[in-house]
Amino acid sequence: MAAMFSQNPLMNGPNYSVNDAPRIGAPEGAREHRFDPYTDNGGSTLAIAGADFAIMAGDTRLTSGYSINSRFHPKLFKIGGTTADQEDATIVLSVVGFAADGEALKERLDAICKMYRYRHGKPMSVKACAQRLSTILYGKRFFPYYAYAILAGLDEEGKGAVYSYDPVGSYEREQCRAGGAAASLIMPFLDNQVNFKNQYIPNSGEGHALVERERRPLTRREVEVLVKDAFDGAVERHIEVGDGLQMMIITKSGIEEVLLPLKKD
Amino acid sequence: MTSIGTGYDLANSIFSPDGRNFQVEYAVKAVENGGTSIGIRCKEGVVLAVEKIITSKLLKPNANKRIATVDRHLGIVYSGMIPDGRHFVDRARDEARAWRDTFKSPIGTADLASRMGGYMQAYTLYQSVRPFGITAIVGGYDPSVDLPVDGEVGRGPSCGAGGKIPGKNFGGPGLYMIEPSGLYWGYYGAATGKGRQAAKAELEKLDLAGPGGESLTLEQAVKEAARIIYVAHDDNKDKDFELEMTWISGPEGPTKGLHQEVPRALREEAERLAKKALESDDEEEEGKDDKMEE
Amino acid sequence: MDHRPQAWGRPRDDVYGPYDASYLHTSMPKTATQSPIVTGTSVIAIKFKDGVVMAADNLASYGSLARFTDVKRLRPFLSTSVVGFGGDVSDMQFLDRHLTELAIDEAYEAEGCSAGDVSSSPSSTSSSDSSPNKNGQLNASNLHKYLTKLMYRRRNSFDPLWNQILVAGFDSASQPFLASVDLRGTAFTSPSLATGYGAMLAQPIMRKYAATEEDAARLTREEAVKVVRECMKVLFYRDARSLDRFSLAVVTKDGVEISEDEVLEEQSWAFAERIRGYGTQTV
């Protein structure tokens, strides 16, 4: 189980959710004969917070093993709206990992946000919603939702907010986060391009005296391009990512949804 | 009722000295105040109809159905206290489901009538309860073909044991009427409620037990049912009414063995004919009166 | 006084020996399907412009034994939807009974008092006057959601129903609907779907004709049926747990038509001669 929740490529082999590797330590010919309630449906998600917006993105492929189950299975959900099409929602949740758990998690969080809204007459803040999501996840600590969740919205000051989670509810607010199958491919790219890690001002000094490039918030246009590039790269190198790119841009005027094609191979 | 006021009518489970259960008889009175319900059993199936008195202009037309589906092939209509009827139907649905759970096949009309008769009778036995204020008419069509067991796979043996006796009829239409005492009989035509006397007289004219029943088609039965409800309705005493009708045919018939509402077009046609028949009856009578005066 | 109520009123241990409390424990351990026993293989389905075509062969296998050869794995629901079952047959029967009860429940409140399909007629089932979603009855989309929740609940209690299920019919917007749910409650939709071996062998063929929803919306009924028949043939060629007799269901706005004794025609086994490595031949 430990390997299941690890995003460490060393433990997870080539980082496919399919594992054909022989079991180490199993007696010769012995087979585990038991229902495994979990599976990994692949796919990848990504969220970036801007100065006055947040962008959530995810591919739309759903896999099981080497099969593509569906080319359009959204991983991004508007949360806490009052209508069937969630047009007045203010928060976006993305889930990746085991699709059935992801769906169940989404339904629960959505129901809770709706109840909050009806009781208090105002939408839930991202901060409150983020804490509540953690509580939900930890509530199933001993039979976890096998889903990597990312929550995005605008905080009380109108700044973009991204909260990322592990399957059992540990969470933090971040500038950006990639989740799912291609997280290990996308995250270093984001470190470099969003947080300007390993970027130095040329000729500013020798060795440790090099001055880091100053961090500045990215514009919405820049981030959209970044997201597309990140996914194009992931699609190229990861078999479980592809088909379509779904993007949700949260601004103070609402949530905008963009669908772009990705390679289907 | 000679024993009224002598204390024997105060509770169930106490007979009067002349062997009557007054609570049951009072329940029958409650039935006699309810809108007329009838059932017609013909060769091709069963028709159920009810005269639904419109108690308020604020009620939505054609809503608030009075005839209930109990299982795919079973329907129940009742006259009397409607909440009692609702509970009765709930119980019938439970019985039908329990039958399916144990036998993996639909309950027969006769079996349902028997179970519901037993249920009704239980409410005449105890101090703590009162009898049902309804008389229910149970209609159904037991499949004449071999139905698959619920959830069964495959078709079973195509020859050998397990076959049917050739030439023997299985299944077919069934019609039962259950009274507050728990008494139930199978009928060719059944009527209860306020207009039962007139309705019974009309049903008898159809001669359902004899050649009348052989020749009556299901569609004709629908039309007769509509006419009888209109005949049984007392214009002078009662407010307006709505006619609600359902039918059940065999697997080859129009409802494919299901209990369904009579299609709107057919019902309206039946109502038109019913009104016409009533008018011509009136004219005849007026004609007679004229002659008398001469 | 003993603080355990269970010990009250029992014969004295010092006189009669220790009390046998075994009856206090329920005798049976909780049971659950740990693996499928009698199984059905692939179910395949493809959308077309007016509805959905679904097919599954009539075989139930007991391991490698072709145990039952006239099994109906496509079941109609309310004469508006079809449910196709792959995987364990007893779990399929359980679900079928459950859906029968659901259909009867639906009929209680239905405007037309219709109690849904008659699964009686052996060769074909059809109903003409029932448009999808009439009377606010459960449509295929609702049914799929229901089954998804049911399957997910069972997996949460570690007592799964060992099936992969396809649901075909129409959604609330009266558009053709096709979706899948498996024993873990994973649910998804696609213009064409296949379970088991069908996902490997039939799905690529169907995707040639209906890669996208738009492609599927251009397919005619005849084309869709042809594709599905072709896929059933490919599956019979290569899936050792399959049969050449199969059921074919077509769902349209006019209702559900299921024919349960289709036979694969125009088979060609010429390719079999070229297969090496099995049997008696040495080269």
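D50(C) is partly exposed, with a relative accessible area of 39%. The model described here is predicted.

## Salt bridges

Over all chains, the count of salt bridges is 48. A few of them can be described in detail.

In chain A, K228(A) and D232(A) form a salt bridge, with N and O 3.1 Å apart. Both residues belong to helix α5 of chain A, which covers residues 220–237, and they stand four residues apart, about one turn of the helix. Is K228(A) buried, partly exposed or exposed? K228(A) has a relative accessible area of 23%, and is partly exposed. D232(A), at 32%, is likewise partly exposed.

In chain C, R75(C) and D96(C) are joined by a salt bridge whose closest N and O atoms are 2.6 Å apart. R75(C) sits in strand β6 (residues 74–77) of chain C and D96(C) in helix α2 (residues 89–109) of chain C, so this pair ties together parts that are 21 residues apart in sequence. R75(C) is buried, with a relative accessible area of 9%. The value for D96(C) is 9%, and D96(C) counts as buried because the limit for that class is under 20%.

Salt bridges can also share partners. One such network joins E103(A), K106(A) and E107(A) with K145(C) and K149(C).

## Aromatic rings and charges over rings

Another is formed by F22(B) and Y26(B), which is tilted, with a centre-to-centre distance of 6.2 Å and 35° between the planes. F22(B) and Y26(B) lie four residues apart in helix α1 (residues 22–32) of chain B, so about one helical turn separates them.

| Residue | Relative accessible area | Class |
|---|---|---|
| Y146(A) | 6% | buried |
| Y148(A) | 10% | buried |
| F22(B) | 0% | buried |
| Y26(B) | 26% | partly exposed |

Y146(A) and Y148(A) also belong to an aromatic cluster, together with F35(A), Y38(A), F98(A), F143(A), F158(C) and W162(C). Y38(A), a member of this cluster, also has the charged end of R155(C) over its ring, 5.2 Å from the ring centre. Elsewhere, the charged end of R213(A) sits over the ring of F196(A), at 3.8 Å from the centre of that ring.

## Backbone angles in two loops

Most residues other than glycine have a negative phi. Two asparagines are listed here with a positive phi. N203(A), which is not a glycine, has a phi of about 60°. N203(A) is in the loop between α4 (183–193) and α5 of chain A. What is the relative accessible area of N203(A)? The value is 79%, and N203(A) is exposed.

N62(B), again not a glycine, has a positive phi of about 65°. N62(B) lies in the loop of chain B between β2 (45–53) and β3 (68–71). At 33% relative accessibility, N62(B) is partly exposed.

## Strand β3 of chain C

How many of the residues of strand β3 of chain C are buried? Strand β3(C) covers residues 51–57, and seven of its seven residues are buried.

Strand β3(C) pairs with strand β2 of chain C (residues 43–48) through six bridges, and the two strands run antiparallel. A hairpin of two residues connects β2(C) to β3(C). Across this pairing, K47(C) stands opposite V52(C).

Strand β3(C) also pairs with strand β13 of chain C (residues 245–252), in the antiparallel sense and over seven bridges. In that pairing, A56(C) has S247(C) in β13(C) as its bridge partner.

Note on methods:
Residues are numbered from 1 along each chain as its sequence is written. Chains are lettered from A and ligands numbered from 1 in the order in which they are written. This is a predicted model: local features need pLDDT of at least 70, side-chain atom pairs count only at pLDDT 80 or more; totals for chains, interfaces and linings use all residues. Side-chain values use heavy atoms; hydrogens and water are left out. A salt bridge is a side-chain nitrogen of Lys or Arg within 4 Å of a carboxyl oxygen of Asp or Glu. Buried means under 20% relative accessible area, exposed over 50%, partly exposed in between (1.4 Å probe, protein chains only). Rings of Phe, Tyr and Trp (its six-membered ring) pair if their centres lie within 6.5 Å; planes under 30 degrees apart count as stacked, over 60 as edge-to-face and the rest as tilted. A charge sits over a ring if NZ of Lys or CZ of Arg is within 6 Å of the ring centre and within 35 degrees of the ring normal. Two strands pair if DSSP finds at least two bridges between them.
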